[in-house]
Amino acid sequence: MFSQAKPLGESGLRWLKVQIANLSGFDKASLSEREKFTMDHLDDVLDSANNGLHGRRWWLKADDPWQCLAACCELRNALQHPDPTQFASRLPVHQDGSCNGLQHYAALGGDKIGAQQVNLEPSDRPSDVYTGVAEFVKEAVAREAAQGHSVAKYLDGKITRKVVKQTVMTNVYGVTFMGAMKQVRKQLIDHYPELTQDQKHQGAIYIARKVFEALGTMFNGAHDIQYWLGDCASRITQSLAP
């Protein structure tokens, strides 16, 4: 909790409702849909706050149960106040960046398409860059599988958000191709044990290459800046006198 309480206001009351939806796993919808989700489940919210251990225990189904219970209690207390917007709250409402490294690069490069992917452009509902890259790779795999590419054939239908996420996340922090390949290989081992060792190895090389390709296409501004910074670093380090 924050040490100093502040009146919620109209905006704070709304964000408190959004917080409950987020903690319940309903976090990919628009903000107004998330607010509606909480009000649709108000009976469950109040039951959780008033009868946490012996009631219906709705809060236990949340992705973050204890934080959800705390938010339920806070909303109940606010609604019991004569004017809920004036209720003094100390509860933090969490917000997360969307792949922060890419956000910085998209902003630096004025990269409009990239900015849309990482929620820097106004939008009714959040974008998910990991899903975007996964879809790009998935389409490339399906296309090449149809053309008879041997590796693409056994990878077709196996490209998921989890398979590409770590590589997308670490790409802007300078992950090497070898590092990316190892990341993808680990995901293939975890999720597709039926693949042979050679298929996992070849598949990891193939997918890592496609992820880099996707990022280069979707975030061309980010890649240009990344290469420029790398070039600057090389020139500076090589030009220093002993």
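The questions and answers below walk through a few helices and residues of this predicted model.

In this predicted model, local features need pLDDT of at least 70 and side-chain atom pairs count only at pLDDT 80 or more, while totals for chains, interfaces and linings use all residues. Residues are numbered from 1 along each chain as its sequence is written, and side-chain values use heavy atoms, with hydrogens and water left out.

Student: How many disulfides does the count come to?
Tutor: A disulfide is a pair of cysteine sulfur atoms within 2.5 Å. Cys 68 is in no disulfide, and the nearest cysteine sulfur to its own, that of Cys 72, is 4.1 Å away. By the 2.5 Å rule, the count comes to 0 disulfides.

Student: Is Cys 72 buried or exposed?
Tutor: Buried means under 20% relative accessible area, exposed means over 50%, and partly exposed lies in between, with a 1.4 Å probe and protein chains only. Cys 72 has a relative accessible area of 0%, so the word for Cys 72 is buried.

Student: At what angle do helix H3 and helix H4 pack?
Tutor: Helices are DSSP runs (H or I, at least four residues) numbered from the N terminus, and here H3 covers residues 42–50 while H4 covers residues 65–80. Axes are lines fitted to C-alpha atoms, for helices over the stretch in contact, and angles run from 0 to 180 degrees between N-to-C directions. The axes of H3 and H4 are 8 Å apart, and the packing angle is about 100°.

Student: What are H3 and H4 to each other, roughly parallel or roughly perpendicular?
Tutor: Angles under 35 degrees count as roughly parallel, over 145 as roughly antiparallel, 65 to 115 as roughly perpendicular and the rest as oblique. With an angle of about 100°, H3 and H4 are therefore roughly perpendicular.

Student: Which residues is Ile 207 in contact with, leaving aside its neighbours within four places in sequence?
Tutor: Ile 207 lies in helix H11, residues 197–218, and is buried at a relative accessible area of 0%. Contact means heavy atoms within 4.5 Å. With those sequence neighbours left aside, the residues in contact with Ile 207 are Leu 155, Ile 159, Val 163, Val 184 and Leu 188.

Definitions and conventions:
Helices (H or I, at least four residues) and strands (E, at least two) are DSSP runs, numbered from the N terminus.
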